[in-house]
Amino acid sequence: MENLKRLVCPDCNAVMCASCRRPWEKEHQGISCEAFAALKDANDAEAQAAGLAKLLIEDGIDCPMCHFRYALAKGGCMHFRCTQCQHDFCSGCSKPFKMGQKCGVSDFCGKLGLHAHHPRNCLFYLRDKDPEDLQKLLDMSGVKYNRDPPDGMEVKRTCQVMEQKETSDGLIDDCCGKEVEEGFAGLCRIHYVEYLGQLVNKHKVDPIQIFEVDDLELVLRRANLRLLSRRYRENDVQYSERLIKIIKDELPLDDMDGS
């Protein structure tokens, strides 16, 4: 039997198998990764759930350094370490993760710890946005998305997307279990936002028009660009317009694309 090792994410403390990258569970102890995968698939509620829940994992994660492919979801912890080449990167946009000042982009990086410089259409920036705002953004860009569950999908009252949960026996894979809301295509609010966010990133949509002032200032800080001083009696809308112009001029989205 191979000597299984556990890997702890330095960013969020999630524990997973260092070989197969699945969240660590006590059932994995003493059996190979292949046997554990077969056990999970045989009892995996996600494998039986039809519809958009599967869209959250079907794209998988590709290491931008060695191009090894992982059949994993992109949600949860954005930090990912490739078991093949040990490259640290964002699972949402593939940008490299670096520790503090080792990043070298700006002095601000020293305050961030382990971090990446995500493009503004990465899930990193979008995961706290309202679904309605993301829908409007996709509508303006002509990107199709689901509001209703796909035909043939068995609609349940609770979200069937699998996620990592902490229990007294350790971290396990389990159904989300949050309430499914009307108009969210059979998903809970959190996973519907993740679904919409993936579409924004996949279709290279610029979400800057739905960013609040704090979002815009964060984009500038992380890019080591000087913040503007507010003008006398300048409101948030006027200030945001000036910030947006600088970001579009200095940080074209195509130049930040991690794909």
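This is a short chat about a few local features of a predicted model.

Visitor: Okay, and is Ala-185 buried or exposed?
Guide: Ala-185 counts as buried, because its relative accessibility is 1% and the cut-off for buried is under 20%.

Visitor: What about the other end of α6, what does phi do just after the helix?
Guide: Just after α6, Lys-204 takes a positive phi of about 55°, and Lys-204 is not a glycine either. Lys-204 sits in the loop between α6 and α7 (213-222), and with a relative accessible area of 42% it is partly exposed.

Visitor: How far apart are the end C-alpha atoms of α6, and what span should I expect?
Guide: The end C-alpha atoms of α6 are 20 Å apart, and this agrees with expectation, because 14 residues at 1.5 Å a residue should span 20 Å.

Visitor: How many residues of α6 are buried?
Guide: Ten of the 14 residues of α6 are buried, so the helix is mostly covered. Among them are His-191, Tyr-192, Glu-194, Gly-197 and Gln-198, together with Val-193, Tyr-195 and Leu-196.

Visitor: Switching to α7 and α8, how do their axes cross?
Guide: The axes of α7 and α8 (residues 236-250) come within 10 Å and cross at roughly 30°, which makes α7 roughly parallel to α8, since angles under 35 degrees count as such. The crossing of these two helices is left-handed.

Visitor: Which residues make that contact?
Guide: From α7 the contact is made by Val-213, Leu-216, Glu-217, Val-219 and Leu-220, while α8 supplies Asp-236, Tyr-239, Ser-240, Leu-243, Ile-244, Ile-246 and Ile-247.

Visitor: And how do they divide into nonpolar, polar and charged?
Guide: The residues of the contact between α7 and α8 comprise nine nonpolar, one polar and two charged.

Visitor: One last topic: where is His-87 found, and what does it touch?
Guide: His-87 is found in the loop between β5 (79-81) and β6 (88-90), and it counts as buried because its relative accessibility is 16%. Leaving aside residues up to four places away in sequence, His-87 touches Cys-63, Pro-64, Met-65, Phe-80, Arg-81, Cys-82 and Pro-96.

Notes: Residues numbered from 1 in each chain as written. Predicted model: local features only at pLDDT ≥ 70, side-chain atom pairs only at ≥ 80, totals over all residues. Heavy atoms only, no water. Buried < 20%, exposed > 50% of the residue type's maximum accessible area, 1.4 Å probe, protein only. Helix = DSSP H or I, 4+ residues; strand = E, 2+ residues; numbered from the N terminus. Expected span 1.5 Å × (residues − 1). Axes fitted to C-alpha atoms, helices over the stretch in contact; angles between N-to-C directions. Parallel < 35°, antiparallel > 145°, perpendicular 65-115°, else oblique. Left-handed = near helix turned anticlockwise from the far one by under 90°. Contact = heavy atoms within 4.5 Å. Nonpolar A, V, L, I, M, F, W, Y, C, P; charged D, E, K, R; others polar.
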